[in-house]
Amino acid sequence: MRAVAFAELGATPQVHDVAVPEPAEGEVRVRVHAASVNGFDLAVAAGYLDGMMEHRFPVVLGKDFAGVVDAIGAGVEGYAVGDRVFGVVTKTFLGDGSFGEYVTVPVAVGLARLPRSVSFVDGAALGLAGTAAVDAVDAARLEAGQVVLVAGATGGVGNQVVQLAVRSGATVIATTHTGPETALVTSLGAAEVVDYRQDVAAQVLAAHPGGVDAVIHLAGDAATLLPALRAGGRFASTLVMSPDQLPTDAATVVPVFATPTTATLDRLADDSAQRHTTVTIERTYPLDQVGRAFADFGAGTVGKLVITID
Ligand SMILES: NC(=O)c1ccc[n+]([C@@H]2O[C@H](COP(=O)([O-])OP(=O)(O)OC[C@H]3O[C@@H](n4cnc5c(N)ncnc54)[C@H](OP(=O)(O)O)[C@@H]3O)[C@@H](O)[C@H]2O)c1
(Lines give C-alpha, C1' and ligand atoms only; values in the text may rest on other atoms or scores of the structure.)
Protein backbone atom coordinates (compact mmCIF):
# COMPACT_ATOMS: atom_id res chain seq x y z
CA MET A 1 0.00 0.00 0.00
CA ARG A 2 1.04 3.64 -0.38
CA ALA A 3 1.88 5.35 2.90
CA VAL A 4 3.86 8.37 4.04
CA ALA A 5 6.74 6.98 6.04
CA PHE A 6 10.41 7.37 6.90
CA ALA A 7 12.80 4.44 6.90
CA GLU A 8 15.25 5.87 9.43
CA LEU A 9 15.56 8.82 11.76
CA GLY A 10 16.52 11.94 9.88
CA ALA A 11 15.02 10.75 6.57
CA THR A 12 12.40 12.99 4.97
CA PRO A 13 8.95 11.37 5.14
CA GLN A 14 7.69 10.45 1.67
CA VAL A 15 5.32 8.07 -0.03
CA HIS A 16 6.63 4.49 0.29
CA ASP A 17 5.20 1.16 -0.78
CA VAL A 18 4.75 -0.74 2.51
CA ALA A 19 3.01 -3.99 3.48
CA VAL A 20 -0.73 -3.83 4.12
CA PRO A 21 -1.05 -4.32 7.92
CA GLU A 22 -3.00 -7.27 9.32
CA PRO A 23 -5.33 -6.60 12.26
CA ALA A 24 -4.14 -8.22 15.50
CA GLU A 25 -6.49 -9.61 18.12
CA GLY A 26 -8.85 -6.87 19.25
CA GLU A 27 -8.12 -4.71 16.19
CA VAL A 28 -9.85 -3.78 12.96
CA ARG A 29 -8.21 -2.69 9.75
CA VAL A 30 -9.52 0.55 8.29
CA ARG A 31 -9.32 1.55 4.63
CA VAL A 32 -8.36 5.16 5.26
CA HIS A 33 -10.09 7.81 3.15
CA ALA A 34 -8.83 10.89 5.00
CA ALA A 35 -6.35 11.73 7.76
CA SER A 36 -5.54 15.07 9.38
CA VAL A 37 -2.30 16.74 10.41
CA ASN A 38 -1.48 17.34 14.08
CA GLY A 39 1.55 18.90 15.72
CA PHE A 40 2.41 15.41 16.98
CA ASP A 41 3.04 14.23 13.39
CA LEU A 42 5.52 17.05 12.77
CA ALA A 43 7.26 16.22 16.05
CA VAL A 44 7.59 12.54 15.05
CA ALA A 45 8.88 13.48 11.58
CA ALA A 46 11.45 15.81 13.14
CA GLY A 47 12.74 13.00 15.36
CA TYR A 48 11.67 14.68 18.61
CA LEU A 49 10.23 11.43 19.95
CA ASP A 50 13.50 9.54 19.56
CA GLY A 51 14.18 7.87 22.92
CA MET A 52 10.64 8.59 24.15
CA MET A 53 8.67 6.07 22.05
CA GLU A 54 9.73 2.90 20.24
CA HIS A 55 10.08 3.48 16.47
CA ARG A 56 9.16 0.50 14.23
CA PHE A 57 10.61 1.29 10.79
CA PRO A 58 9.40 2.18 8.31
CA VAL A 59 7.47 4.58 10.54
CA VAL A 60 4.17 5.45 8.88
CA LEU A 61 3.10 8.87 10.17
CA GLY A 62 -0.36 9.99 11.23
CA LYS A 63 -2.71 9.76 14.20
CA ASP A 64 -6.12 10.92 12.96
CA PHE A 65 -8.10 8.94 10.40
CA ALA A 66 -11.54 8.34 8.91
CA GLY A 67 -12.50 5.49 6.62
CA VAL A 68 -14.24 2.14 6.34
CA VAL A 69 -13.55 -1.08 8.25
CA ASP A 70 -12.20 -3.63 5.77
CA ALA A 71 -10.95 -6.49 7.99
CA ILE A 72 -11.71 -7.68 11.51
CA GLY A 73 -9.20 -9.17 13.96
CA ALA A 74 -9.89 -12.06 16.34
CA GLY A 75 -12.14 -11.34 19.27
CA VAL A 76 -13.62 -8.14 17.87
CA GLU A 77 -17.32 -7.63 18.46
CA GLY A 78 -19.51 -4.72 17.54
CA TYR A 79 -17.82 -3.80 14.25
CA ALA A 80 -18.35 -5.24 10.78
CA VAL A 81 -16.65 -4.88 7.41
CA GLY A 82 -18.12 -1.79 5.72
CA ASP A 83 -18.66 0.26 8.91
CA ARG A 84 -17.76 3.94 8.55
CA VAL A 85 -15.38 4.83 11.39
CA PHE A 86 -12.99 7.53 12.58
CA GLY A 87 -10.57 7.99 15.40
CA VAL A 88 -7.01 8.29 16.64
CA VAL A 89 -4.11 5.83 16.48
CA THR A 90 -3.19 5.26 20.12
CA LYS A 91 -0.49 2.59 19.91
CA THR A 92 2.39 2.79 22.38
CA PHE A 93 4.94 2.59 19.55
CA LEU A 94 5.41 4.62 16.36
CA GLY A 95 4.99 2.87 13.03
CA ASP A 96 1.35 2.02 12.40
CA GLY A 97 0.25 5.51 11.38
CA SER A 98 -2.81 6.67 9.46
CA PHE A 99 -1.13 8.47 6.50
CA GLY A 100 -1.59 5.45 4.24
CA GLU A 101 -4.23 3.40 2.51
CA TYR A 102 -4.80 1.14 5.53
CA VAL A 103 -4.32 1.40 9.29
CA THR A 104 -4.94 -1.16 12.04
CA VAL A 105 -6.41 0.11 15.30
CA PRO A 106 -7.67 -1.46 18.54
CA VAL A 107 -11.42 -1.18 18.98
CA ALA A 108 -11.06 -0.57 22.74
CA VAL A 109 -9.74 2.99 22.41
CA GLY A 110 -9.39 5.50 19.60
CA LEU A 111 -12.19 4.16 17.38
CA ALA A 112 -15.85 5.08 16.92
CA ARG A 113 -18.54 5.03 14.27
CA LEU A 114 -18.76 7.94 11.87
CA PRO A 115 -22.35 8.97 11.16
CA ARG A 116 -23.37 9.03 7.47
CA SER A 117 -23.96 12.78 7.66
CA VAL A 118 -20.33 13.48 8.63
CA SER A 119 -17.87 13.36 5.73
CA PHE A 120 -14.60 11.45 5.87
CA VAL A 121 -12.74 14.78 5.64
CA ASP A 122 -14.58 16.21 8.66
CA GLY A 123 -14.31 12.92 10.55
CA ALA A 124 -10.56 12.80 9.97
CA ALA A 125 -10.22 16.25 11.51
CA LEU A 126 -12.21 15.42 14.63
CA GLY A 127 -10.23 12.77 16.50
CA LEU A 128 -7.22 14.20 18.34
CA ALA A 129 -8.14 17.89 18.17
CA GLY A 130 -11.73 17.18 19.17
CA THR A 131 -10.68 14.92 22.03
CA ALA A 132 -8.21 17.51 23.29
CA ALA A 133 -10.98 20.11 23.11
CA VAL A 134 -13.51 17.97 24.99
CA ASP A 135 -10.93 17.09 27.66
CA ALA A 136 -9.80 20.74 27.98
CA VAL A 137 -13.34 22.08 28.34
CA ASP A 138 -14.14 19.36 30.87
CA ALA A 139 -10.95 20.23 32.78
CA ALA A 140 -11.98 23.91 32.89
CA ARG A 141 -15.31 22.88 34.51
CA LEU A 142 -17.13 25.73 32.79
CA GLU A 143 -20.51 26.79 34.13
CA ALA A 144 -23.18 28.87 32.42
CA GLY A 145 -22.49 32.57 32.85
CA GLN A 146 -18.75 32.16 33.35
CA VAL A 147 -16.14 33.89 31.19
CA VAL A 148 -13.32 31.87 29.58
CA LEU A 149 -10.24 32.98 27.65
CA VAL A 150 -9.29 30.55 24.87
CA ALA A 151 -5.63 31.09 23.95
CA GLY A 152 -5.03 29.41 20.58
CA ALA A 153 -8.71 29.65 19.56
CA THR A 154 -7.78 29.77 15.87
CA GLY A 155 -6.23 26.28 15.70
CA GLY A 156 -7.79 22.86 15.22
CA VAL A 157 -8.26 22.30 18.96
CA GLY A 158 -9.26 25.91 19.62
CA ASN A 159 -12.05 25.89 17.03
CA GLN A 160 -13.68 22.99 18.87
CA VAL A 161 -13.02 24.49 22.31
CA VAL A 162 -14.75 27.75 21.37
CA GLN A 163 -17.88 25.91 20.24
CA LEU A 164 -18.00 23.54 23.23
CA ALA A 165 -17.43 26.40 25.68
CA VAL A 166 -20.24 28.44 24.10
CA ARG A 167 -22.51 25.38 24.31
CA SER A 168 -21.75 25.11 28.02
CA GLY A 169 -23.14 28.63 28.44
CA ALA A 170 -19.83 30.44 28.93
CA THR A 171 -18.84 33.74 27.35
CA VAL A 172 -15.76 33.13 25.20
CA ILE A 173 -12.86 35.52 24.69
CA ALA A 174 -10.78 34.20 21.77
CA THR A 175 -7.22 35.05 20.74
CA THR A 176 -6.84 36.09 17.10
CA HIS A 177 -4.50 38.17 15.04
CA THR A 178 -6.01 38.82 11.61
CA GLY A 179 -9.43 39.89 10.39
CA PRO A 180 -10.25 36.46 8.89
CA GLU A 181 -9.28 34.81 12.21
CA THR A 182 -11.61 37.17 14.06
CA ALA A 183 -14.41 36.46 11.58
CA LEU A 184 -13.91 32.71 12.06
CA VAL A 185 -13.95 32.61 15.87
CA THR A 186 -16.86 35.04 15.95
CA SER A 187 -18.81 32.76 13.61
CA LEU A 188 -18.07 29.90 16.04
CA GLY A 189 -19.60 31.87 18.90
CA ALA A 190 -16.77 33.85 20.52
CA ALA A 191 -18.19 37.03 22.08
CA GLU A 192 -14.90 38.96 22.32
CA VAL A 193 -11.45 38.77 20.76
CA VAL A 194 -7.98 39.83 21.89
CA ASP A 195 -4.88 40.19 19.72
CA TYR A 196 -2.32 37.55 20.67
CA ARG A 197 0.56 39.62 19.31
CA GLN A 198 -0.18 42.18 22.07
CA ASP A 199 -0.35 41.69 25.86
CA VAL A 200 -3.28 39.25 26.09
CA ALA A 201 -3.74 39.43 29.87
CA ALA A 202 -3.80 43.26 29.80
CA GLN A 203 -6.48 43.25 27.09
CA VAL A 204 -8.58 40.75 29.04
CA LEU A 205 -8.24 42.67 32.32
CA ALA A 206 -9.20 45.92 30.60
CA ALA A 207 -12.62 44.41 29.82
CA HIS A 208 -12.84 42.11 32.89
CA PRO A 209 -10.99 43.81 35.76
CA GLY A 210 -11.56 40.94 38.18
CA GLY A 211 -10.14 38.39 35.75
CA VAL A 212 -11.85 35.54 33.92
CA ASP A 213 -13.15 32.33 35.48
CA ALA A 214 -11.04 30.04 33.31
CA VAL A 215 -8.24 30.04 30.77
CA ILE A 216 -8.00 27.26 28.20
CA HIS A 217 -4.39 27.37 27.07
CA LEU A 218 -3.58 25.88 23.65
CA ALA A 219 -0.90 28.33 22.47
CA GLY A 220 1.34 31.10 23.75
CA ASP A 221 3.30 31.56 26.95
CA ALA A 222 1.29 30.17 29.90
CA ALA A 223 2.96 32.42 32.48
CA THR A 224 1.91 35.59 30.65
CA LEU A 225 -1.73 34.41 30.56
CA LEU A 226 -2.01 33.55 34.25
CA PRO A 227 -2.67 37.19 35.35
CA ALA A 228 -5.86 37.16 33.23
CA LEU A 229 -7.40 34.60 35.63
CA ARG A 230 -9.44 35.56 38.71
CA ALA A 231 -8.40 34.22 42.10
CA GLY A 232 -9.59 30.62 42.37
CA GLY A 233 -10.00 30.23 38.59
CA ARG A 234 -8.99 27.21 36.53
CA PHE A 235 -6.15 27.11 33.98
CA ALA A 236 -6.54 24.08 31.69
CA SER A 237 -3.62 23.52 29.30
CA THR A 238 -2.70 21.07 26.54
CA LEU A 239 0.87 22.37 26.73
CA VAL A 240 1.63 22.46 30.46
CA MET A 241 2.53 18.88 31.37
CA SER A 242 2.47 19.33 35.16
CA PRO A 243 1.23 22.03 37.60
CA ASP A 244 4.88 22.33 38.72
CA GLN A 245 5.63 24.00 35.37
CA LEU A 246 3.27 26.88 36.23
CA PRO A 247 3.53 27.52 39.97
CA THR A 248 0.67 29.60 41.40
CA ASP A 249 -1.29 29.74 44.67
CA ALA A 250 -4.08 31.78 43.12
CA ALA A 251 -5.49 29.29 40.61
CA THR A 252 -5.81 25.59 39.78
CA VAL A 253 -3.59 24.47 36.91
CA VAL A 254 -4.88 21.37 35.11
CA PRO A 255 -2.72 19.65 32.45
CA VAL A 256 -4.81 18.08 29.68
CA PHE A 257 -3.79 14.81 28.04
CA ALA A 258 -6.21 13.99 25.23
CA THR A 259 -7.66 10.51 25.75
CA PRO A 260 -9.77 9.40 22.76
CA THR A 261 -12.16 7.08 24.54
CA THR A 262 -15.04 5.69 22.52
CA ALA A 263 -17.41 7.80 24.65
CA THR A 264 -15.54 11.01 23.78
CA LEU A 265 -15.35 10.13 20.07
CA ASP A 266 -19.07 9.27 20.07
CA ARG A 267 -19.79 12.64 21.66
CA LEU A 268 -17.74 14.42 18.97
CA ALA A 269 -19.41 12.49 16.16
CA ASP A 270 -22.86 13.18 17.58
CA ASP A 271 -22.17 16.92 18.02
CA SER A 272 -20.93 17.06 14.44
CA ALA A 273 -23.87 15.07 13.04
CA GLN A 274 -26.36 17.28 14.92
CA ARG A 275 -24.50 20.38 13.66
CA HIS A 276 -23.90 21.45 17.26
CA THR A 277 -20.28 21.89 16.22
CA THR A 278 -18.58 22.33 12.87
CA VAL A 279 -15.06 21.45 11.79
CA THR A 280 -13.03 24.14 10.06
CA ILE A 281 -11.04 22.59 7.21
CA GLU A 282 -8.47 25.05 5.94
CA ARG A 283 -7.19 22.86 3.09
CA THR A 284 -6.99 19.28 1.80
CA TYR A 285 -3.94 17.61 0.21
CA PRO A 286 -3.34 14.35 -1.67
CA LEU A 287 -1.08 11.79 0.05
CA ASP A 288 2.00 12.75 -1.95
CA GLN A 289 1.77 16.34 -0.67
CA VAL A 290 2.09 15.63 3.05
CA GLY A 291 5.37 17.58 3.00
CA ARG A 292 3.52 20.67 1.80
CA ALA A 293 0.83 20.11 4.42
CA PHE A 294 3.51 19.94 7.14
CA ALA A 295 5.10 23.17 5.90
CA ASP A 296 1.71 24.90 5.88
CA PHE A 297 0.92 23.57 9.37
CA GLY A 298 4.24 24.85 10.65
CA ALA A 299 3.58 28.27 9.12
CA GLY A 300 0.27 28.57 11.00
CA THR A 301 -3.24 27.28 10.49
CA VAL A 302 -6.80 28.40 10.89
CA GLY A 303 -8.54 25.11 11.53
CA LYS A 304 -7.41 21.71 10.23
CA LEU A 305 -5.34 20.43 7.30
CA VAL A 306 -6.59 17.12 5.89
CA ILE A 307 -4.85 14.49 3.74
CA THR A 308 -7.21 12.67 1.37
CA ILE A 309 -6.40 9.13 0.23
CA ASP A 310 -8.11 7.71 -2.89
N1 LIG B 1 -1.83 17.40 25.39
C2 LIG B 1 -2.47 16.79 24.40
O3 LIG B 1 -2.98 15.69 24.56
C4 LIG B 1 -2.63 17.52 23.10
C5 LIG B 1 -3.51 17.03 22.12
C6 LIG B 1 -3.69 17.77 20.95
C7 LIG B 1 -2.98 18.95 20.77
N8 LIG B 1 -2.09 19.35 21.73
C9 LIG B 1 -1.35 20.62 21.58
O10 LIG B 1 -2.31 21.67 21.69
C11 LIG B 1 -1.88 22.78 20.92
C12 LIG B 1 -3.00 23.20 19.97
O13 LIG B 1 -3.16 22.20 18.99
P14 LIG B 1 -3.75 22.56 17.55
O15 LIG B 1 -3.79 21.27 16.81
O16 LIG B 1 -4.97 23.35 17.69
O17 LIG B 1 -2.56 23.47 16.97
P18 LIG B 1 -2.62 24.49 15.78
O19 LIG B 1 -3.67 24.04 14.81
O20 LIG B 1 -1.23 24.73 15.37
O21 LIG B 1 -3.21 25.81 16.46
C22 LIG B 1 -2.49 26.73 17.20
C23 LIG B 1 -3.14 28.08 16.93
O24 LIG B 1 -2.66 29.01 17.88
C25 LIG B 1 -2.32 30.22 17.21
N26 LIG B 1 -1.25 30.86 17.94
C27 LIG B 1 0.08 30.86 17.71
N28 LIG B 1 0.74 31.55 18.65
C29 LIG B 1 -0.21 32.01 19.49
C30 LIG B 1 -0.17 32.78 20.67
N31 LIG B 1 0.98 33.25 21.18
N32 LIG B 1 -1.32 33.04 21.31
C33 LIG B 1 -2.51 32.59 20.83
N34 LIG B 1 -2.62 31.86 19.71
C35 LIG B 1 -1.48 31.57 19.05
C36 LIG B 1 -1.89 29.78 15.84
O37 LIG B 1 -2.10 30.86 15.00
P38 LIG B 1 -1.13 31.20 13.77
O39 LIG B 1 -1.66 30.37 12.67
O40 LIG B 1 -1.34 32.65 13.53
O41 LIG B 1 0.27 30.83 14.18
C42 LIG B 1 -2.83 28.62 15.56
O43 LIG B 1 -4.03 29.07 14.95
C44 LIG B 1 -0.62 22.31 20.17
O45 LIG B 1 0.53 22.79 20.86
C46 LIG B 1 -0.68 20.80 20.25
O47 LIG B 1 0.61 20.22 20.21
C48 LIG B 1 -1.90 18.68 22.87
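A: The answer takes the domains first, then the ligand.

This is a predicted model: local features need pLDDT of at least 70, side-chain atom pairs count only at pLDDT 80 or more, and totals for chains, interfaces and linings use all residues. Residues are numbered from 1 along each chain as its sequence is written, and side-chain values use heavy atoms, with hydrogens and water left out.

Domain 1 covers 2-114 + 280-308, and domain 2 covers 133-255. These bounds come from an automatic or database domain assignment. The centres of the two domains, taken over C-alpha atoms, are 30 Å apart. Domain 1 brings 5 residues to the contact and domain 2 brings 7 residues (contact means heavy atoms within 4.5 Å).

Together the domains bury about 410 Å², with 57% of it on carbon and sulfur atoms. Buried area is the accessible area (1.4 Å probe) that two parts lose on being put together, summed over both. On the domain 1 side, Thr280, Val302 and Gly303 supply 78% of the area buried against domain 2, more than any other three residues.

Polar contacts number 2 residue pairs, both residues at pLDDT 80 or more. A polar contact is a pair of N or O atoms within 3.5 Å; within protein, one must be able to donate a hydrogen and the other to accept it, and residues adjacent in sequence count only if both atoms are side-chain atoms.

Now the ligand. A polar backbone atom of valine 157 sits 2.8 Å from a ligand oxygen atom. For threonine 238, a side-chain N or O atom is 2.9 Å from an oxygen atom of the ligand.
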